[in-house]
Amino acid sequence: MTTIRSLVATDAVGLADLFASLSESDRTLIREDLHDTSAVGRLVAHPDLHWVATSDDGALVGYCAIDRLPGWSDHVGELRLVVRASGRGAGIGRSLVRTALLGALSAGVGKVVVELVAEQEPVLQMFSELGFTGEALLRDHIRDRDGRLHDLVMLAYLARDAHELLDTVGITDAIQA
Ligand SMILES: CC(C)(COP(=O)(O)OP(=O)(O)OC[C@H]1O[C@@H](n2cnc3c(N)ncnc32)[C@H](O)[C@@H]1OP(=O)(O)O)[C@@H](O)C(=O)NCCC(=O)NCCS
């Protein structure tokens, strides 16, 4: 069984192991230089709005972060998500995003954005099903390690829309009670 919980300082080794298991193309999708061990140290030192998925043996199988943007966009969080290749297709990514969205909304984040390579159609579909909508298409915005260019899609989840939806079905008061 998989457990989703907040990242803690003692996850440094597990997180480094998870990142080390990723393919080169997966690594392109995480902004930090994962060969730099101090990057993992920085992540666990600031675990706010970071979650991990663990398997029964305690190994980390997934990671999701929502990082607030600086300055006048500090109500916006950027979501990053990765699941160990051997654990994919079992719903771990979807569960991590659900937990992260709930945590971010509770922490006052008003908007969550995620950047995806346009070819990742199943993943785009997953985020759409979770309430994200298209925000921008940036053409030839990503250059992979072979020098090929790819379009980047930015999706957004607006807390305002989520609250309107909850109002419509009449459960906002129940949550606030
Ligand atoms: C994107 C990623 C996190 C998905 O994780 P996951 O645990 O496999 O996701 P889930 O099992 O919850 O599947 C979510 C959806 O993705 C799609 N999907 C997952 N695995 C798939 C596969 N092998 N083939 C086709 N579609 C697949 C399905 O649409 C699935 O929806 P379903 O639940 O209706 O079947 C994982 O593939 C990954 O780590 N990719 C590299 C990093 C990345 O691209 N991150 C996203 C940008 S931040």
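Helix axes are lines fitted to C-alpha atoms over the stretch in contact, and angles run from 0 to 180 degrees between N-to-C directions. Helices are DSSP runs (H or I, at least four residues), numbered from the N terminus. The views below show a predicted model, in which local features need pLDDT of at least 70 and side-chain atom pairs count only at pLDDT 80 or more, while totals for chains, interfaces and linings use all residues. Residues are numbered from 1 along each chain as its sequence is written, and side-chain values use heavy atoms, with hydrogens and water left out.

**View A. Packing of helix H1 against helix H3.** Helix H1 (residues 12–20) packs on helix H3 (residues 37–45) at an angle of about 130°, and their axes are 10 Å apart. H1 and H3 are therefore oblique to each other, a class that takes the angles left over once those under 35 degrees count as roughly parallel, over 145 as roughly antiparallel and 65 to 115 as roughly perpendicular. Ala12, Leu15, Ala16 and Phe19 of H1 meet Val40, Leu43 and Val44 of H3, where contact means heavy atoms within 4.5 Å. By class, this contact of H1 with H3 has 7 nonpolar, no polar and no charged residues, with Ala, Val, Leu, Ile, Met, Phe, Trp, Tyr, Cys and Pro counted as nonpolar, Asp, Glu, Lys and Arg as charged, and the others, Gly among them, as polar.

**View B. Packing of helix H4 against helix H5.** Helix H4 (residues 92–106) and helix H5 (residues 121–129) pack at an angle of about 35°, their axes lying 11 Å apart. Gly93, Arg94 and Val97 of H4 make the contact with Met126, Phe127 and Glu129 of H5, and the residues of this contact divide into 3 nonpolar, 1 polar and 2 charged.

View C. A polar side-chain atom of Gln120 lies 2.6 Å from an oxygen atom of the ligand, and a polar backbone atom of Leu81 is 2.8 Å from a ligand nitrogen atom.

Key. Helices (H or I, at least four residues) and strands (E, at least two) are DSSP runs, numbered from the N terminus. A polar contact is a pair of N or O atoms within 3.5 Å; within protein, one must be able to donate a hydrogen and the other to accept it, and residues adjacent in sequence count only if both atoms are side-chain atoms.
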